[in-house]
Amino acid sequence: MTNVSRNEIIKADSRGLRGSIADGLADAVTGAIAEDDTQLTKFHGIYQQDDRDLRAERMKTRMEKAFSFMARLRVPGGVLTPAQWLAMEAMARDRGNGTLRLTTRQTIQFHGIIKSNLRPAIQEINAAMLDTIAACGDVNRNVICTPNPASAIHAEALATAHALSAHLLPKSRAWHEIFIDGAPVAGGDAEDEPILGRTYLPRKFKIAIAIPPYNDVDAFAHELGLIAIEAGGAIAGYNVAVGGGMGMTHGEPDTFPRTGDLIGFCTPDQVLAVAEHVVTVQRDFGDRADRKHARLKYTIERIGLATFRAELERRLGFALAAPRAFTFTRSGDPSGWITGADGRWHFALFVENGRVAGPLLAGLHAVAEAHDGRFILTPNQNLLIADIAPERRAAIAAILAAHRLDAAPSALRRNAMACVALPTCGLALAESERALPGLIDGLEADLAEMGLGDDEITIRMTGCPNGCARPYLAEIGLVGVKPGLYNLYLGGAFDGTRLSKLFRRDIGPDAIRACLRPLFAAYAAQRAPGEHFADYVIRAGAIAATTAGNRFHEDLPAELAA
Amino acid sequence: MSAPALAPIAPELLAPLDTMLHAASPEQLTWLAGYVSGFRAAGAPRAVAPPVAPPAAPPATRTPLTILYATESGNSETLANAARKAAQRLGFAPRLRDMADATVAELASAGQMLVIASTWGEGDPPQRAEAFYAALLAADATRLPGLRFAVLALGDRAYANFCETGRRIDARLVELGAQRVRPIEECDLDYAAPARAWTEASLATLAPASEAAASDAALSEAAVIRVDFARAPATEDGPSAAAVEITERVRLNSSRSTAENWHVEVSLEGTGLRYEPGDAIGIAARNDPALVAGILDQTGLREDAALAAALIDRFDITTLTPPLIAAYAGLSGEKRARDIAADPVFARERQLIDLLTAAPARLTSAQLTGLLRPLPPRLYSVASAPEAVGPSAHLLVAAVRWQAQGQARSGVVSGDLADRRAVGERLLVHVKPNPHFRLPEDPDRRIVMIGPGTGVAPFRGFLQRREAAGARGPSWLFFGARQFTHDFLYQLEWQDWLKSGVLSRMDVAFSRDQPEKIYVQDRLWEQRDALWRWLDDGAVVYVCGDAKAMARDVHAALLRVIADGAGTDADGAIAWLRTAQRDGRYKRDVY
Ligand code: SRM
Ligand SMILES: Cc1cc2nc3c(=O)[nH]c(=O)nc-3n(C[C@H](O)[C@H](O)[C@H](O)COP(=O)(O)OP(=O)(O)OC[C@H]3O[C@@H](n4cnc5c(N)ncnc54)[C@H](O)[C@@H]3O)c2cc1C
Ligand SMILES: Cc1cc2nc3c(=O)[nH]c(=O)nc-3n(C[C@H](O)[C@H](O)[C@H](O)COP(=O)(O)O)c2cc1C
Ligand code: SF4
């Protein structure tokens with residue numbers, strides 16, 4: 001291939017993702033590692049970052065940037081034991097910034113781990129029988145799965161998530177060598193990577209498993225969306241959606257979010273092969289020259305869905321069956337106590353923007369010490385305290401009450417997500433996690449005033465157009481442009497099946513509120529029974545429906561079309 | 001400060017001098033200090049000295065007198081010199097001995113001896129005197145029955161172990177059979193007058209009877225050599241002090257840090273002040289005006305503007321000592337004050353204002369100042385080399401802050417620099433040379449620098465010098481602080497020096513980055529193999545910074561490294577390090 005991107009060369013020369021990471025870790029005078037190695041640590045679930053709040057003062061203080069590392073766990077399906085939770089809490093306190101950050105991919109991120117703490121941090125993760133392998137990088141990322149333990153097929157879907165994650169894991173032992181054993185095999189040859197290949201994938205690759213009627217994983221936002229079809233309390237198979245993705249770049253219309261295409265159905269015994277070959281087709285056909293066009297969604301746009309499907313089925317050696325019927329009702333999480341046929345109880349705890357800190361951390365510490373079930377992270381950055389036996393419910397409820405974790409926030413806030421953005425995310429153009437709560441205060445008041453206080457509306461904010469909180473699939477999407485300014489997107493479906501569209505450019509929090517108020521008022525007055533906000537604004541003509549990713553930048557409101 | 005009662009100047013001459021000094025601006029004082037030292041250096045007749053009797057005719061056989069001193073920052077040495085001169089005039093045959101070079105055995109035949117010793121650390125002897133001190137206190141020390149002696153102890157009442165070294169030497173000499181001819185004299189920081197009186201009296205006691213008559217006059221003349229302007233001691237070859245402009249003042253820690261280290265640059269342009277890396281700069285202290293106001297309020301002296309001005313920069317208005325409390329109780333006469341005076345721990349962690357608040361009393365201006373000692377300057381290691389920064393000096397000042405009596409408090413000088421000073425303002429400074437803490441002459445010599453916290457300051461000066469000189473000697477720096485991200489002082493500069501090879505190695509210890517505390521001494525031990533190779537290869541080891549914990553722990557770690565590397569036992573390591581210290585390969589500047 002001609003003109004491959006720099007990352008391709010780094011990967012090729014990395015001796016199985018080793019690079020000179022170990023040397024970089026040994027240099028105690030800088031908090032950073034070599035630049036090329038920062039690309040490689042991603043494959044090990046580790047990002048080099050710097051505290052952007054401190055950038056301005058660092059020159060004055062004669063210190064380099066305030067470097068630290070973010071580590072991201074690989075937790076297929078988001079399931080942890082309470083003991084693992086406690087171990088991760090201790091790790092964050094001892095090695096990180098003392099907070100746990102639940103992500104939109106059902107895992108935990110640790111921020112602020114300085115270099116000298118990185119190996120101990122990863123070792124503590126390993127000791128808790130967890131890892132960070134392939135949590136980032138050009139590989140298959142954490143496999144997410146609807147966290148609904150009340151569903152009869154959740155266990156089976158979860159097992160599939162684990163199997164997929166394991167099957168697509170890099171074979172390289174570099175993670176163990178560098179971070180755990182501390183004994184890199186000098187000059188050792190890279191391991192064979194039969195599925196991923198020597199240069200791994202052109203770009204990140206994501207898989208989600210949805211258990212209808214919930215679409216909390218946003219099944220159409222990933223390279224591969226698997227929609228579990230239930231029959232008689234078991235999984236009959238999976239509808240297969242390919243080519244979803246969120247990220248785009250402001251001002252570059254050839255980048256766009258895209259909802260995946262439903263191409264068929266496979267049985268449970270075919271699902272690993274299907275995933276493997278979606279990966280290998282993307283491995284061989286993906287763009288390795290321009291990382292901005294390297295995701296599967298662009299591969300499919302480029303070669304066409306039919307060609308993609310033909311190549312996939314050729315490699316599989318069988319044709320996919322026709323997709324089965326299913327219904328999605330929502331993409332947000334439930335709230336409060338839920339139960340299923342087996343009588344076990346689960347408490348859906350709202351975690352604002354996934355940040356577990358302060359009193360919430362203390363409260364969950366108490367829960368984890370008392371709880372004998374599971375902790376399940378949700379793809380909406382929330383936490384499910386799962387598998388509470390009926391007779392234990394009162395005890396857990398008492399702990400939740402004692403720590404005030406049982407108070408239900410407004411319907412809008414429960415359906416809100418914000419990505420991390422500042423100060424750690426190097427790509428952030430504007431605040432997100434630190435800005436959304438304040439904005440919601442205002443919107444909440446407006447909605448209550450109009451009698452919409454109990455109506456669920458999804459709202460998601462990101463600090464840049466990469467789309468980490470999947471903002472283009474929310475009814476109200478806010479995407480950072482520059483400090484204090486956001487683009488406002490409307491029309492994303494409540495159930496996550498339709499993308500939104502740009503409604504206003506470059507507006508600040510007050511303008512956002514002013515711009516939404518009349519829409520809320522009209523919605524309150526004119527909505528049809530059960531009609532969601534996004535469907536209403538489309539029906540009312542405020543915004544056009546986005547029918548496909550490549551139409552995302554089309555049909556803009558007249559005043560923006562210029 | 002009023003001219004001491006024992007000043008060797010006639011009262012009628014003293015009064016105008018006193019008036020003039022009190023009226024003088026800082027600049028004028030500086031000029032005067034310089035003038036006096038220059039005047040002296042030029043050998044001019046002493047206009048202000050009282051009439052002096054002609055030197056007594058030397059006696060036929062001179063009485064031998066050993067003047068033994070132990071010094072860290074040179075005060076004892078200066079006094080010992082003055083005593084030597086006085087003794088000479090009185091017909092003794094004085095022999096000046098630095099404890100660093102002396103042995104206990106040689107005292108057995110000394111006959112008569114004056115000891116002048118200061119206290120450091122937490123009641124420790126000056127470091128170069130450690131070997132002698134240990135030998136003197138050792139169970140098997142040579143007995144000294146024929147020795148007659150007197151001890152002058154220098155110290156600072158602000159420290160718990162006031163004059164400890166002098167006290168122990170004094171007691172030990174008696175234990176060893178020597179005869180104490182005068183009770184020990186314990187001096188606070190304003191030691192000049194009591195030291196002079198002690199010297200005079202001790203020599204009189206030790207002197208052969210026939211010469212006693214001559215002693216008064218001779219002593220007076222000898223002692224006038226030291227006109228002590230407290231904050232402006234004269235240096236050999238330049239003006240003693242100058243008011244210099246602050247040209248840069250920046251906190252080096254991140255805004256998230258729990259520590260506060262200020263990088264302060266002052267311009268020496270046109271002052272003639274000169275320094276070498278390793279020296280310290282003394283900064284004349286200026287008290288917090290708010291504290292001064294509080295003290296004046298408490299004592300009913302609020303209206304006294306002249307007093308207020310004096311309390312700002314001439315008197316120590318923070319240090320609380322038992323003698324001060326006792327004097328205050330006497331003035332006050334109230335029961336509360338007497339109770340406090342009887343409480344042995346009241347002074348601990350408290351300051352003068354706490355006493356005034358706890359037992360208020362109305363005082364006159366003279367009563368108040370009579371309680372106070374002069375305000376001593378504070379020393380800061382220079383963190384630069386003139387060849388790199390031109391006519392300026394860089395300082396690294398840690399803001400000293402603590403909570404007491406429910407209030408946030410800060411150190412007089414470091415707090416002033418951190419909270420109340422701005423670029424463009426002036427500080428009154430002098431240079432305190434530290435000839436014992438200099439780079440090796442040989443630019444190829446290996447050096448190991450151990451300087452956590454502000455202790456790293458002189459090493460920045462060392463490396464600036466080595467860089468400017470193109471020196472090729474290997475160098476190894478051990479630095480430590482609380483947090484890597486927030487407290488890595490001068491991080492970019494060390495990185496540059498590591499890249500260019502001016503600095504060969506650097507190891508860092510950050511105590512609060514991980515659950516377990518890690519300090520420089522832990523790094524010394526971790527690196528023991530390489531470190532021993534450097535030591536064995538003749539590296540000069542420098543330690544600078546905190547004396548209380550760090551220097552002690554580093555010393556212990558070095559002993560372990562040496563024992564491990566040389567394959568000796570603890571005593572062998574101690575001997576190794578003593579030899580290194582004597583040979584100038586182990587140098588400490590700790591405070
Ligand atoms: C933590 C998380 C957001 C959150 O608040 O939860 C997150 C945070 C970051 N994402 Fe993301 N992404 C997260 C889910 C997503 C999602 C949602 C999803 O996967 O369901 C997306 C959109 C889906 C997609 O991939 O298209 C997403 C699309 C991106 C992109 C754009 C990728 C693209 O090809 O368009 C980037 C930038 C890149 O890769 O170049 C990115 C990059 C980043 C980085 C690592 C920034 C960087 O590359 O330097 C962010 C770290 C910030 C920080 O300080 O923690 N992140 N990121 C999510 C962690 C997921 C996980 O646990 O694995
Ligand atoms: C040779 C030498 C070199 C030095 N170099 C440097 C240097 O490079 N950088 C540097 O920062 N300093 C250096 N120092 C120390 C410096 O001289 C001062 O001692 C220091 O800055 C404190 O002075 P200050 O006027 O701020 O505090 P002061 O007003 O002198 O107060 C210090 C006093 O505060 C009291 N105190 C402190 N903490 C507490 C507490 N927790 N509770 C109760 N009381 C407390 C104690 O009585 C202590 O003695 C050096 C000292 C020496 C002797
Ligand atoms: C870091 C430091 C520690 C000191 N510790 C004590 C002490 O414990 N007890 C004491 O009486 N004086 C102490 N002093 C005061 C000195 O003894 C005093 O400054 C003396 O004049 C120094 O004399 P020198 O220059 O001869 O060493 C200390 C001074 C410093 C700077
Ligand atoms: S959306 Fe942008 S700002 Fe937010 S975490 Fe992702 S990359 Fe960072």
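How many salt bridges does a search of the whole structure find over all chains? The search finds 79 of them, a salt bridge being a side-chain nitrogen of Lys or Arg within 4 Å of a carboxyl oxygen of Asp or Glu. This is a predicted model, in which local features need pLDDT of at least 70 and side-chain atom pairs count only at pLDDT 80 or more, while totals for chains, interfaces and linings use all residues. Residues are numbered from 1 along each chain as its sequence is written, chains are lettered from A and ligands numbered from 1 in the order in which they are written, and side-chain values use heavy atoms, with hydrogens and water left out.

One of the salt bridges is formed by A:D51 and B:R256, whose closest N and O atoms are 2.8 Å apart. A:D51 lies in the loop between strand 1 (46–50) and helix 4 (55–58) of chain A, and B:R256 in the loop between strand 7 (241–251) and strand 8 (261–267) of chain B, so this pair joins two chains; helices (H or I, at least four residues) and strands (E, at least two) are DSSP runs, numbered from the N terminus. A:D51 counts as buried at 15% relative accessibility, whereas B:R256, at 39%, counts as partly exposed (buried means under 20% relative accessible area, exposed over 50%, and partly exposed in between, with a 1.4 Å probe and protein chains only).

Within chain A, A:E223 forms a salt bridge with A:R295, with the closest N and O atoms 2.7 Å apart. Because A:E223 lies in the loop between strand 7 (207–210) and strand 8 (224–231) and A:R295 in the loop between helix 9 (271–285) and helix 10 (296–303), the pair ties together parts that are 72 residues apart in sequence. Both A:E223 and A:R295 are buried.

Turning to the rings, the whole structure holds 29 aromatic pairs over all chains, where rings of Phe, Tyr and Trp (its six-membered ring) pair if their centres lie within 6.5 Å, and planes under 30 degrees apart count as stacked, over 60 as edge-to-face and the rest as tilted. A:Y523 and A:Y536 form a tilted pair, 5.7 Å centre to centre with 45° between the planes. A:Y523 is buried at 2% relative accessibility, and A:Y536 is buried at 4%.
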